[in-house]
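Thanks for coming. I have one structure to go through today, and I will keep to what can be read from the coordinates.

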Amino acid sequence: MKKIAELWESYGNPADKQVKCNVCSHYCIINPNRRGFCRTRINLDGKLYSLDYGALISPGTNDPVEKKPLYHFFPGSQAFSIATIGCNFRCKQCQNWEISQSYPSEDGKIALFSQKDQQDFGIHSFLLTERTPEQVISQVKRSKSISIAYTYNEPTIWFEFIKDTSLLAHKEGIKNILVSNGYSSPEANSELINFIDAANIDIKSMEDSFYKRIVGVHSVQPVLDTCKFFKENNVHLEITNLLIPGENDSPSVIRALIKWVLENLGSDTPLHFSAYTPRYRMNNPSTSKNILKFAWKEAKSAGLHYVYMGNVYTTKGNNTYCSKCGELIISRQGYNVTAPGLSSENTCLKCGEKIPIVGNYTKSSRFSFF
Ligand code: SF4
């Protein structure tokens with residue numbers, strides 16, 4: 001659905017009717033009848049519109065919060081997960097490219113693909129599901145979820161819909177989760193901290209050259225700025241790093257990321273190293289478990305307390321251990337989450353150490369194994 005956008009301004013000579021979008025660090029200058037880089041925001045007669053307001057890829061689904069991944073935010077709970085289409089990145093390895101690299105028709109009802117994607121992958125279009133924020137909230141209330149996760153594609157380009165939905169969610173005691181690439185602008189971030197409770201941000205590499213080569217943007221710096229800003233403003237934050245062989249998995253790049261997280265976000269910030277598999281326009285081999293283990297050990301020995309491995313079977317790499325006495329606090333086998341060492345006050349049952357977890361553990365009702 002088309003809706004007048006927020007966070008934009010007129011730009012340049014008024015007769016040219018150009019606009020500047022301030023939602024993400026692209027800061028697109030958009031001519032009349034053209035769209036921004038994300039292809040979801042259009043300039044019509046000198047005004048900026050969001051084309052995917054209320055346009056969902058599906059009615060939504062209950063996901064374990066661990067799938068986001070968030071391991072220190074209401075562990076064991078369910079997050080009602082919704083998404084739209086489009087993205088402000090062009091990642092060659094995108095795991096969800098069918099939604100991130102499609103874009104809405106002008107009435108916001110259909111997801112379309114570039115000619116190149118149509119030719120290369122034989123995919124043409126699909127129908128979107130229309131929902132109002134009120135309809136999403138009533139679905140969440142009927143579900144087992146205690147939160148809404150804006151996930152799968154980059155949610156900040158959906159700014160108006162997540163804002164309206166999140167504000168309603170808070171009125172109903174429902175939490176809001178952002179799973180983001182962190183490229184949102186300072187202007188958007190200043191608003192997001194008012195209604196987003198938790199975020200997982202993907203720092204893909206510490207090297208600008210990776211962002212230029214693989215992602216299609218100039219720099220990692222806006223992502224790092226978003227992480228710091230969220231942390232400073234009490235948004236619960238966890239970091240993901242997808243390790244791609246030959247692209248961002250050298251020891252020096254891994255160590256640079258660990259050092260940055262430690263020095264800027266603190267030793268209690270959960271860091272998830274995740275395994276890549278070939279997708280979309282990247283054919284590099286899958287991530288080996290040895291690289292994940294290397295990254296995990298480096299982060300632990302550097303002083304990060306809560307380090308995890310994702311997209312891979314591991315007996316210990318998904319568990320939370322007490323940073324003081326080493327006791328098993330939370331066990332995660334697939335999405336079966338148990339908390340043998342966690343008190344109701346989120347302390348270690350053995351030594352009393354405070355474990356940095358937001359919200360209470362919920363006994364998970366769903367079994368799923370990698
Ligand atoms: S959200 Fe980002 S990519 Fe999209 S129009 Fe705005 S500045 Fe451009």
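Let me start with a sheet of three strands: it is open, its order is 1-6-5, and the pairing is antiparallel. Strand 1, residues 3-4, and strand 5, residues 41-44, are the edge strands, each pairing on one side only. Please keep in mind throughout that this is a predicted model.

How many bridges hold the pairing of strand 1 and strand 6? There are two, and the two strands run in the antiparallel sense, with strand 6 covering residues 47-50.

Staying in strand 6, we come to Ser50. Is Ser50 buried or exposed? Its relative accessible area is 1%, so Ser50 counts as buried. The side chain of Ser50 makes a polar contact of 3.2 Å with the side chain of Asp52. If we set aside neighbours within four places in sequence, Ser50 is in contact with Met1, Lys2, Lys3, Ala5, Thr40, Arg41 and Glu160.

Now the largest pocket. The space in the largest pocket comes to about 1,000 Å³. Its lining is made up of 34 residues, and those nearest the centre are Lys68, Pro69, Gln95, Asn96 and Val179. What is the make-up of the lining by class? The count is 16 polar, 12 nonpolar and six charged residues.

Strand 15 (175-180), strand 16 (198-202), strand 17 (236-243), strand 18 (271-275) and strand 19 (307-310) each supply at least two residues to the lining of the largest pocket.

Why does Ile177 count as buried? Because its relative accessibility is 0%, and the cut-off for buried is under 20%. Which residues does Ile177 touch, leaving aside neighbours within four places in sequence? The contacts are Val65, Leu70, Phe73, Ala79, Ser147, Ile148, Ala149, Tyr150 and Ala198.

One distance to finish on. Ile177 and Lys293 are 116 residues apart along the chain, and their C-alpha atoms are separated by 28 Å.

Methods
Residues are numbered from 1 along each chain as its sequence is written. This is a predicted model: local features need pLDDT of at least 70, side-chain atom pairs count only at pLDDT 80 or more; totals for chains, interfaces and linings use all residues. Side-chain values use heavy atoms; hydrogens and water are left out. Two strands pair if DSSP finds at least two bridges between them. Helices (H or I, at least four residues) and strands (E, at least two) are DSSP runs, numbered from the N terminus. On a 1 Å grid over the protein atoms alone, a cavity is a set of points where a 1.4 Å probe fits but cannot get out, and a pocket is an open set with protein on both sides within 12 Å along at least five of seven lines; lining residues have an atom within 4 Å of a point. Grid points are joined across faces, edges and corners, and a volume is the space filled by probe spheres set on the points. Ala, Val, Leu, Ile, Met, Phe, Trp, Tyr, Cys and Pro count as nonpolar, Asp, Glu, Lys and Arg as charged, and the others, Gly among them, as polar. Buried means under 20% relative accessible area, exposed over 50%, partly exposed in between (1.4 Å probe, protein chains only). Contact means heavy atoms within 4.5 Å. A polar contact is a pair of N or O atoms within 3.5 Å; within protein, one must be able to donate a hydrogen and the other to accept it, and residues adjacent in sequence count only if both atoms are side-chain atoms.
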